[in-house]
Amino acid sequence: MSVAATRRLTTAQALVRFLAAQYTERDGVRHRLIAGTWGIFGHGNVAGLGQALVEYREAMPYHQGRNEQAMVHAAVGHARQLDRLSAQAVTTSIGPGATNLVTGAALATINRLPVLLLPGDYFASHTADPLLQQLEHPVEADVSVNDALRPVSRYFDRINRPEALLASALKAMRVLTDPAETGAVTLALPQDVQAEAYDWPEEFFADRIWRVRRPAPDPAELADAVQLIRSAARPLIVAGGGVHHSEAEGALKTLVDATGIPVASTQAGKGALRHDHPADLGGIGHTGTAVSDELARTADLVIGVGTRYSDFTTASGTLFQHPDVRFLNLNITAFDAHKLAAGTLVCDARAGLTALAEALPGHRVDAAYETEYRAGKARWEETVEAVFRADDDGAVPTQTQVLGALDAVVGDEDVVINAAGSLPGDLHKLWRARSPRQYHLEYGYSCMGYEIPAALGVQQAAPGTPVWALVGDGTYLMNPTEIVTAVQENLPVKLVLVQNHGYASIGGLSESVGAERFGTDYRHRVADGSFTGAPLPVDLAANAASLGMDVLRARTVRELREALVTARAATRPTCVYVETAPPSAALPAEAWWDVPVAEVSAREAATGARKVYERAVADRRHHL
């Protein structure tokens with residue numbers, strides 16, 4: 001009887017070797033599943049995973065981060081750029097290094113994007129107890145700070161024995177590669193177990209392929225969906241991020257070209273059709289275009305494709321106002337497909353859209369409906385041109401003119417990244433997406449500090465592609481540290497740093513809900529305690545330069561255009577810094593968003609805002 005071959009390695013060494021042998025495959029195309037590992041070393045991982053990454057550095061690329069949350073953002077940007085077919089791992093020490101992962105994990109899970117988290121943990125043996133940075137619980141000795149990652153992870157395990165990794169590693173890979181379940185996956189690694197040796201079966205290190213499924217629609221659900229579409233007079237497709245994750249843009253275009261059904265997009269779905277396609281109406285919801293939201297209010301059938309219907313998309317339940325509106329949701333996740341009491345197509349986006357196109361031969365919306373939405377699209381294009389245009393090249397640009405200048409510089413292949421502040425609203429309304437991967441907005445968690453590290457992950461996934469991180473001053477101050485990593489790894493990301501001396505987005509919201517812009521300006525405190533004095537003497541451009549970036553200061557529209565051209569051609573990390581003028585007339589929201597206003601107040605601003613709120617909330621519908 002032969003004895004099965006084994007290899008004696010530490011748990012950390014075995015994990016690295018295992019991860020290096022994992023692959024995904026979809027449509028016959030293979031990708032490395034864990035393309036690299038981000039890490040910041042401290043006690044808890046330096047002697048375990050740190051040593052293993054040195055031992056096998058030819059098999060597992062390593063990237064040095066500066067902030068644990070930022071490392072997760074970089075990994076998420078990488079996974080999104082590669083349609084969730086490749087991911088990265090992130091290793092940290094115990095204690096604050098581990099808890100710094102929580103925000104990034106939440107972002108990954110909310111956006112359904114895969115990332116593998118490998119935080120260090122206490123001694124499983126409890127021989128050294130308590131450790132430096134260990135949380136002690138008086139009645140639950142197995143609790144550590146890593147348990148904070150449980151609610152924001154799609155899979156969590158603590159590897160208390162080496163052999164436990166055999167089953168848990170496979171479960172972790174299954175979740176990472178499952179298009180319906182993916183998100184953050186956490187394997188907490190006690191530091192003594194990381195260094196412990198074990199005789200591992202050789203089969204554990206064999207190349208393993210995880211096939212990413214494209215489940216087809218159920219025939220009965222497909223028949224019901226076809227009937228819904230044929231009976232609708234004013235159908236509207238809402239394209240979400242699932243269109244991109246499935247690489248279903250071509251299938252969507254085929255369906256739309258055949259049927260004439262118009263398409264509005266969520267933040268995650270923008271670019272599902274090129275901006276110049278006659279049926280592309282741009283963003284939908286609170287930050288949507290006028291034409292999208294006008295059609296949404298009168299649509300009798302809303303076809304959601306790969307969307308989870310956030311409150312921005314539905315205008316907090318006030319957008320879809322047709323008295324007989326029905327919903328049809330095509331989603332790989334049943335949880336999302338059943339929202340809004342919809343008819344369902346639980347399947348892969350590409351498979352479902354292809355099946356619908358094949359089942360609707362000869363079907364097309366009424367010509368008058370096409371004429372209506374095309375005219376609305378043309379009117380909106382005039383609006384975009386007007387806010388992008390700068391009549392005086394020597395003037396200080398507004399934020400929308402910054403976007404107009406960038407729009408004139410980028411090519412089809414460029415990627416534009418943003419997540420928080422006032423820029424997401426302007427981008428969703430105005431940006432003209434030229435390709436499926438160009439518009440990269442993280443708006444599931446809308447996490448300040450995402451943009452710069454995500455740009456690194458995208459740049460790693462797409463070498464040679466111009467990658468732009470659009471960042472306001474508030475977001476920049478949250479997380480600029482990965483500029484150092486960009487310099488170290490020679491990643492030529494382009495940073496557009498917009499200085500408007502405060503939290504512009506939340507300031508406007510504060511004013512609209514009666515909070516009077518309190519605490520939203522970057523200004524000196526004055527005698528009454530408010531922040532209404534002169535702007536702070538903060539030089540963010542100098543800060544970016546001190547971290548190693550080449551910095552181009554643009555004071556006028558003309559200088560901005562020249563700087564953007566220079567930055568696009570740069571082969572080093574480059575920042576374009578611009579202070580913006582207030583917009584002469586900000587584009588209003590085309591739909592509502594529910595932010596509850598104080599029901600009682602002694603201040604006039606709040607009482608007036610409450611009256612507006614009560615009028616708006618009366619339009620909310622429960623779709624049953």
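Is the crossing of α3 and α5 left-handed or right-handed? That was the first thing I looked up, and the crossing is right-handed.

**Entry: ground rules**

I am working with a predicted model, in which local features need pLDDT of at least 70, side-chain atom pairs count only at pLDDT 80 or more, and totals for chains, interfaces and linings use all residues. Residues are numbered from 1 along each chain as its sequence is written, and side-chain values use heavy atoms, with hydrogens and water left out. My helices (H or I, at least four residues) and strands (E, at least two) are DSSP runs, numbered from the N terminus.

**Entry: α3 with α5**

I began with helix α3 (residues 68–81) and helix α5 (residues 101–110). Two packed helices are described by the angle between their axes and the distance between the axes. Here the axes come within 7 Å and cross at roughly 20°. I noted that axes are lines fitted to C-alpha atoms, for helices over the stretch in contact, with angles from 0 to 180 degrees between N-to-C directions. That makes α3 and α5 roughly parallel to each other (angles under 35 degrees count as roughly parallel, over 145 as roughly antiparallel, 65 to 115 as roughly perpendicular and the rest as oblique). For the hand, I wrote down that a crossing is left-handed if the near helix is turned anticlockwise from the far one by less than a right angle, and right-handed if clockwise.

Which residues make the contact? From α3 I found E68, Q69, V72, H73 and V76, and from α5 I found L101, T103, G104, A105, L107 and A108. Contact means heavy atoms within 4.5 Å. Sorted by class, this contact has 6 nonpolar, 4 polar and 1 charged residues (Ala, Val, Leu, Ile, Met, Phe, Trp, Tyr, Cys and Pro count as nonpolar, Asp, Glu, Lys and Arg as charged, and the others, Gly among them, as polar).

**Entry: α8 with α14**

Next I turned to helix α8 (residues 219–231) and helix α14 (residues 349–359), whose axes come within 10 Å and cross at roughly 60°. This pair is therefore oblique, and α8 passes α14 in a right-handed crossing. I listed L222, A225, V226, I229 and R230 on α8, with A355, L356 and A359 on α14, as the residues that make the contact. The class count is 7 nonpolar, no polar and 1 charged residues.

**Entry: nonpolar cores**

I met L356 again in the largest nonpolar core, which has 82 residues. A nonpolar core is a set of buried Ala, Val, Leu, Ile, Met, Phe, Trp, Tyr and Cys residues joined through side-chain atoms within 4.5 Å. Which members touch the most others? They are I237, L252, L356, W468, L470 and L564. Helix α15 (residues 367–388) gives the largest share of this core, 6 residues. A second, separate core of 47 residues includes L101, A454, I483 and A541.

I then looked at I237 by itself. Leaving aside neighbours within four places in sequence, I237 is in contact with L252, L255, V256, I261, P262, V263, A264, I303 and V305.

**Entry: covered helices**

How many residues of helix α18 (residues 451–461) are buried? I counted 11 of its 11, with A454 among them. Buried means under 20% relative accessible area, exposed over 50%, and partly exposed in between (1.4 Å probe, protein chains only). Helix α1 (residues 11–19) is also mostly covered, with 8 of its 9 residues buried, including L15, V16 and F18.

**Entry: single residues**

T574 is in strand β23 (residues 574–579), and T574 counts as buried because its relative accessibility is 4%. Among its contacts beyond four places in sequence are V493, K494 and L495.

H622 lies in the segment after α24 (604–617) and is exposed, with a relative accessible area of 66%. H622 and D426 are 196 residues apart in sequence and 29 Å apart in space, C-alpha to C-alpha.

Where is the cis peptide bond I noted? It joins D129 and P130, with omega about 5°. P130 is in the loop between β7 (115–121) and β8 (155–158).

R84 has a positive phi near 70° and is not a glycine. R84 sits in the loop between α3 and β6 (87–92) and counts as buried at 13% relative accessibility. N490 has a positive phi too, near 55°. N490 is in the loop between α20 (482–488) and β21 (494–499) and is partly exposed, at 48% relative accessible area.
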